[in-house]
Amino acid sequence: MTTLLLATRNLHKVEEIHALLGPGWELLTLRDFPGAPEVVEDAATFAGNAAKKAESLARWVAGRAGARAGGFFVLADDSGLSVDALGGAPGVHSARFAADETGAAGNAPDAANNAKLLRLLAAVPAAERTARFHCVLALTPVPPDAGPTEFFSGACEGLLGLAPRGAAGFGYDPLFLPQGQSLSFAELGAAVKNGISHRARALAQLRARFAS
Ligand code: IMP
């Protein structure tokens, strides 16, 4: 059985990855490795940040995980929202979008990020509020010199609403209406989101890689 250590402290992402991968995997999280170092996400691209997270955790964990019979990999997810009217922002800054303004360290609360987005888009008409979520997964073997880091990516097109709607999901889900839907991801819920999301598309590629 393949073991994946999920390199994220975002419990929403962990939950979605669990649901999307289904049975047949041993999934570990950073809770199984207390003391794992925080990784500074300062790369200019989703792939750069995903690789940084996967490779640094794979290096750290290599000496600590003990012997394992099957494949053991670190899987990192770097993702975010790209808004056309904002030239692609917040992009790799999605998690700390509102904190960028105040200079506060670390990520900003989802509600503050959503409020900033609505403020910046206040004058943008409905038809021009196009955006997409991106997800890049980086997969690094443990130990990392056992093979190259591999990448899997997915995107999901949509429009941004005029106010947050719905209670499911996380991040920008209350503002994001996926293409062809009049409800937000947060109103549609996990079953619908997991059928079409950027993360679902990237994980489908990952599953295909292990199926071959
Ligand atoms: P990361 O941990 O640096 O990859 O931050 C990703 C950020 O992008 C999250 O904190 C959310 O703000 C946003 N994001 C990524 N994926 C999703 C999603 O599926 N729904 C809503 N927001 C997302």
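What follows is a short chat about the overall fold and then two residues.

Reader: What kind of model is this?
Author: This is a predicted model.

Reader: OK. How many helices and strands are there in the protein?
Author: The protein has seven helices and six strands.

Reader: In what pattern, read along the sequence?
Author: The order is β-α-β-α-β-α-α-β-β-β-α-α-α.

Reader: What does the C-alpha trace span along its principal axes?
Author: About 55 × 35 × 25 Å.

Reader: And how does the radius of gyration fit a compact globule?
Author: The protein has a radius of gyration of 17 Å. A compact globule with 212 residues would come out near 17 Å, so the two agree.

Reader: How much of the protein counts as buried?
Author: Of the 212 residues, 48% count as buried. The protein exposes about 9,900 Å². Carbon and sulfur atoms supply 56% of that area.

Reader: Switching to charges. How many positive and negative side chains are there?
Author: There are 19 positive and 20 negative side chains. The centres of the two sets lie 1 Å apart.

Reader: Now single residues. Where is Lys 193?
Author: Lys 193 sits in helix α6, which covers residues 190-196.

Reader: Is Lys 193 buried or exposed?
Author: Buried. Its relative accessibility is 3%, so Lys 193 falls under the 20% cut-off.

Reader: Which residues is Lys 193 in contact with?
Author: Leaving aside neighbours within four places in sequence, Lys 193 contacts Glu 16, Phe 170, Asp 173, Phe 185, His 198 and Arg 199.

Reader: And Ser 184, where does that lie?
Author: Ser 184 is in the loop between β6 (176-178) and α5 (185-188).

Reader: Buried or exposed, that Ser 184?
Author: Ser 184 is buried, because its relative accessible area is 0%.

Reader: What does Ser 184 touch?
Author: Not counting residues up to four places away in sequence, Ser 184 touches Arg 165, Asp 173, Pro 174, Phe 176, Leu 177 and Pro 178. Asp 173 is also among the contacts of Lys 193.

Reader: What does the side chain of Ser 184 reach?
Author: The backbone oxygen of Arg 165, at 2.6 Å.

Reader: Last one. How many Å separate the C-alpha atoms of Ser 184 and Ala 54?
Author: Those C-alpha atoms are separated by 31 Å. Along the chain, Ser 184 and Ala 54 are 130 residues apart.

How values were computed. Residues numbered from 1 in each chain as written. Predicted model: local features only at pLDDT ≥ 70, side-chain atom pairs only at ≥ 80, totals over all residues. Heavy atoms only, no water. Helix = DSSP H or I, 4+ residues; strand = E, 2+ residues; numbered from the N terminus. Buried < 20%, exposed > 50% of the residue type's maximum accessible area, 1.4 Å probe, protein only. Contact = heavy atoms within 4.5 Å. Polar contact = N/O pair within 3.5 Å; in protein donor to acceptor, adjacent residues only side chain to side chain. Rg over C-alpha atoms; globule rule 2.2 N^0.38 Å. Areas by Shrake-Rupley, 256 points an atom, 1.4 Å probe, with all protein chains shown as cover. Lys, Arg positive; Asp, Glu negative; His and termini not counted. Charge placed at Lys NZ, Arg CZ, Asp CG, Glu CD.
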